[in-house]
Amino acid sequence: MSAAGRSWIRRGSTALIIGFLVTVAVIGYQRTQRNGDGVESLDAGTVGFDARDIAIGLYKGFGYTETLDGRTIFILNSLRTLSLASGWQEIEGVRLQFFREGEPGPILTAERASFNIETKDARLEGGIHVEFPNGAFLNTEAGGFQSKRQAFVSDAPVLYVDGATIGQAERASYSFDDNWVKLEGNAALRSDDGAMLVAPEMVYRRDDRRVVFSEGLELTQAMTRLTAPRALVWLASDGGPPEKFELTGGVDMTTTVETTGALVTMWSERVVSRRDVQGQWQLKAQTTGPWVEIRFTGGPDYFERTLRTLDLSAVFGEQGIISMRADDGVCIDEIPMEGPRRMASAESARAWFDDGQLTDVELNGHVEIQTADFVGRGIRARLVQSTGLVMLQGDPTGRSRVALDSDQGQMSCDQATLYDREGRIEARGQVHGELRNARLLGSGLQTADNETFRFAGEVLQVEDDGDRFSLRENARIWQGRRLLMADDVQYRNRAQSVEARGHVRVSFPADEKDSTGSADDELVVDARSLNYDALEGLAVFRGSVHYADPKHSLSANRLSITFAEDDSISDVEAEGAVEIRDLGMGRTLTGKHALREVKSQVITVTGSPAQLTDERGNVASGDSLTWNQADGTVSIDGGTELIYYPEEQP
């Protein structure tokens with residue numbers, strides 16, 4: 001509510017009070033009833049009073065001035081005054097001029113007034129009109145002063161007008177002892193900026209500057225509507241606009257953001273709002289039962305967004321909500337225009353607005369974010385509404401990290417960024433995790449805990465709605481005893497494929513290559529890059545390839561490993577500057593191409609020429625070499641040439 005919109009509370013109630021004070025002047029009339037000029041004749045019917053009440057005095061053109069310490073308080077004038085035996089003083093044509101600090105103030109006029117000397121009761125009737133120096137006025141048709149209650153009560157509807165501000169009620173009363181004003185019966189006030197307040201009853205307690213709405217109120221302004229079963233309003237000490245509101249019993253608010261057309265609704269058990277030194281309103285909404293709830297509907301980037309909390313603080317300005325803070329638990333439910341539905345919870349939250357529209361949300365303490373695809377947990381999070389961006393962070397001291405969990409797997413990291421609209425996640429800082437139903441280099445689908453597909457690195461990007469995983473900076477993937485390390489690794493989940501670049505190293509259990517190998521030994525392949533396709537059962541290493549196991553080593557430009565249907569290694573093929581070393585016998589085989597069949601334990605080397613060098617330096621070459629690893633023999637075919645170095649005699 002704007003300052004202008006709230007000012008009618010002060011202006012309307014103050015004007016009514018001044019009007020009620022007229023009765024005080026009427027009471028004082030008893031001291032002046034003999035000071036007027038006599039009237040020669042007057043018909044009682046003309047005056048309109050009971051003819052059976054005997055007249056004991058009649059005056060016309062009466063005037064009286066009340067002063068205090070030399071200052072004029074009011075000037076009372078009337079056309080005619082009739083004193084009756086019953087004790088009533090009947091006055092016609094009342095005009096009362098008030099003064100404040102010596103300056104002219106409001107003027108009250110009425111067609112008739114009555115005052116009883118004995119009971120001290122008074123009545124005003126007929127066109128009661130109070131006009132203020134600024135042109136505002138208050139009208140009613142009838143009212144009276146009740147001496148025993150020390151109260152003035154109007155007997156007719158009250159109307160107050162101040163420029164474009166209009167107030168009205170069916171009844172009004174003022175208590176002199178308790179110093180309060182009460183408006184009753186469809187009391188309504190409308191300000192010059194279009195604000196309208198309707199209440200069954202309003203009570204203004206002047207001593208503590210409070211306006212009490214014990215039977216509820218309804219406030220509307222432009223596209224905003226607010227209702228509450230009970231309300232208190234504190235006016236400023238200098239008589240200025242309201243400086244505090246307290247609404248209780250279940251507060252409902254509905255407003256529309258003018259720039260976007262978004263609908264905002266709010267419910268809270270209790271709302272307290274104070275005006276700060278900048279003229280902005282500091283709002284506090286709390287509840288002991290149902291959640292405080294704020295709902296945004298139909299914004300530019302969402303269908304619906306709902307925030308629930310037990311303790312809400314907000315700052316309001318001329319453009320609407322500026323910022324908001326939720327404590328003692330908070331839940332957020334969003335249905336965006338693009339991307340999946342998103343829910344979040346935390347211990348507390350802060351939100352920022354631009355022109356009444358929510359732009360950013362910060363969550364703190366045990367944060368959990370949930371979509372249809374994953375659940376994320378952390379210590380804090382930032383939600384950027386315009387881009388659908390979510391930044392999730394862990395504890396910088398390391399006690400609690402970011403955790404993401406989905407049907408495909410789970411991971412932990414220092415921080416994660418979620419791009420909802422793009423279906424992409426980026427994790428940074430000591431990333432660790434695992435994938436379900438994934439395969440690494442012929443390892444097969446996991447069937448036991450030691451076959452889980454696990455990964456680690458410094459940076460991970462998940463794209464294509466969870467199909468592509470890109471791991472960078474000291475990337476490591478392992479499944480069972482199979483390990484892949486590289487600078488960058490890209491894994492495609494549906495295709496079950498792996499691409500690795502930079503300082504690639506892969507290790508396998510040695511018994512997968514050689515049935516005679518030990519299960520405790522490993523074979524290791526180093527290369528510049530790796531491409532693995534699980535559907536084809538093929539892994540290809542390229543660039544300065546080096547292979548080693550406990551019995552052999554190999555170097556080549558390219559190395560291809562083929563996996564059998566049972567995911568064991570069936571063939572190993574090397575190309576380009578091939579060199580194979582038999583570490584047990586000291587032999588070396590070189591050529592341009594080599595093929596090893598794991599089941600038969602036969603290695604075939606071809607080239608121009610293929611060459612065998614034994615441990616003593618003897619050389620045999622030919623078009624091809626066939627090495628039977630089972631019996632250790634090597635056969636040479638095509639264009640054979642031998643270079644033999646006999647042993648020297650001692």
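This is a predicted model: local features need pLDDT of at least 70, side-chain atom pairs count only at pLDDT 80 or more; totals for chains, interfaces and linings use all residues.
Local features are taken at pLDDT of at least 70 and side-chain atom pairs at pLDDT 80 or more, while totals for chains, interfaces and linings use all residues. Side-chain values use heavy atoms, with hydrogens and water left out, and residues are numbered from 1 along each chain as its sequence is written.

A nonpolar core here means buried Ala, Val, Leu, Ile, Met, Phe, Trp, Tyr and Cys residues joined through side-chain atoms within 4.5 Å; buried is under 20% relative accessible area, exposed over 50%, and partly exposed in between (1.4 Å probe, protein chains only). The largest core has 138 residues, and L363, L484 and F541 have the most contacts inside it. Leaving aside residues up to four places away in sequence, L363 touches, among others, V330, I332, A344 and I379 (contact: heavy atoms within 4.5 Å). Another core, of five residues, lies apart and includes W180 and W234.

Aromatic pairs (Phe, Tyr or six-membered Trp rings with centres within 6.5 Å; stacked under 30 degrees between planes, edge-to-face over 60, tilted for the rest) number four. F296 is buried at 3% relative accessibility, and F353 is buried at 10%. Y532 and F563 make an edge-to-face pair, because their planes stand at 85 degrees.

As for charges over rings (NZ of Lys or CZ of Arg within 6 Å of the ring centre and within 35 degrees of the ring normal), K244 covers the face of W234 at 4.4 Å, and R424 that of Y419 at 3.8 Å. Disulfides (cysteine sulfur atoms within 2.5 Å) come to zero.
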